[in-house]
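The following exercises are to be worked through with the sequence and the structure at hand.

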Amino acid sequence: MSTKTDSNDTYPLNWLRWLVVVALVAGGIVANSVYGDYPLLYRVVGLIVLAAIALWVAVNTEQGSSIWAIVKASQTEARKVVWPTRQETNQTTLIVVVLVIVMAFILWGLDSLLGWVASLIIG
């Protein structure tokens with residue numbers, strides 16, 4: 001007996017849901033164009049509502065639910081990050097600025113030296 005479940009059992013008519021998502025997005029684009037003379041606020045609210053419905057339908061598909069699981073896992077991992085303190089950020093920024101200035105002087109000096117050598121060769 002096989003314990004493997006078919007993905008069609010969990011997500012029936014998966015292709016139809018993606019077709020609905022595409023139709024909602026296309027409908028929003030067409031509606032925004034057709035109703036261009038209406039105030040921008042109404043069109044934006046309508047597009048946000050259509051996008052929310054399309055997103056909800058997309059999350060209820062097999063691929064959408066796996067993407068949603070990845071998003072939730074990444075939020076969990078982001079909470080585990082130890083962010084630098086203000087002092088550490090300032091010190092790191094200062095080190096980067098000083099190194100950029102030092103490298104600028106080194107490259108300026110090298111460019112000047114090579115320019116002087118080239119002018120001696122050319123005459």
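**Exercise 1.** Is Y38 buried, partly exposed or exposed?

*Solution.* The model under study is a predicted one. The relative accessible area of Y38 is 46%. Buried means under 20% and exposed means over 50%, so Y38, at 46%, is partly exposed. Y35, with a relative accessible area of 44%, is likewise partly exposed.

**Exercise 2.** Determine how the rings of Y35 and Y38 are arranged.

*Solution.* The count of aromatic pairs comes to 1. Y35 and Y38 form an aromatic pair, with 5.4 Å from centre to centre. The angle between their planes is 80°. Since planes over 60 degrees apart count as edge-to-face, the pair of Y35 and Y38 is edge-to-face.

**Exercise 3.** Describe the setting of T61 and the polar contacts of its side chain.

*Solution.* T61 is located in the loop that lies between α3 and α4. Its relative accessibility is 0%, so T61 counts as buried. On one side, the side chain of T61 reaches the backbone oxygen of A58 at 2.6 Å. At the start of α4, a side-chain oxygen of T61 comes to within 3.1 Å of the backbone nitrogen of G64.

**Exercise 4.** Which residues make up the largest nonpolar core, and which helix supplies the largest share of this core?

*Solution.* The largest nonpolar core has 5 residues: V21, L24, A54, V57 and A58. Helices α2 (14-34) and α3 (40-59) each contribute at least two residues to this core. The largest share, 3 residues, is supplied by α3. Leaving aside residues up to four places away in sequence, V57 touches R17, V20 and V21. R17 belongs to helix α2 and, at 27% relative accessibility, counts as partly exposed. Although R17 and A54 are 37 residues apart along the chain, their C-alpha atoms are separated by 9.3 Å.

Terms used
Residues numbered from 1 in each chain as written. Predicted model: local features only at pLDDT ≥ 70, side-chain atom pairs only at ≥ 80, totals over all residues. Heavy atoms only, no water. Polar contact = N/O pair within 3.5 Å; in protein donor to acceptor, adjacent residues only side chain to side chain. Helix = DSSP H or I, 4+ residues; strand = E, 2+ residues; numbered from the N terminus. Core = buried A, V, L, I, M, F, W, Y, C linked by side-chain atoms within 4.5 Å. Buried < 20%, exposed > 50% of the residue type's maximum accessible area, 1.4 Å probe, protein only. Contact = heavy atoms within 4.5 Å. Phe/Tyr/Trp six-rings, centres within 6.5 Å; stacked < 30°, edge-to-face > 60°.
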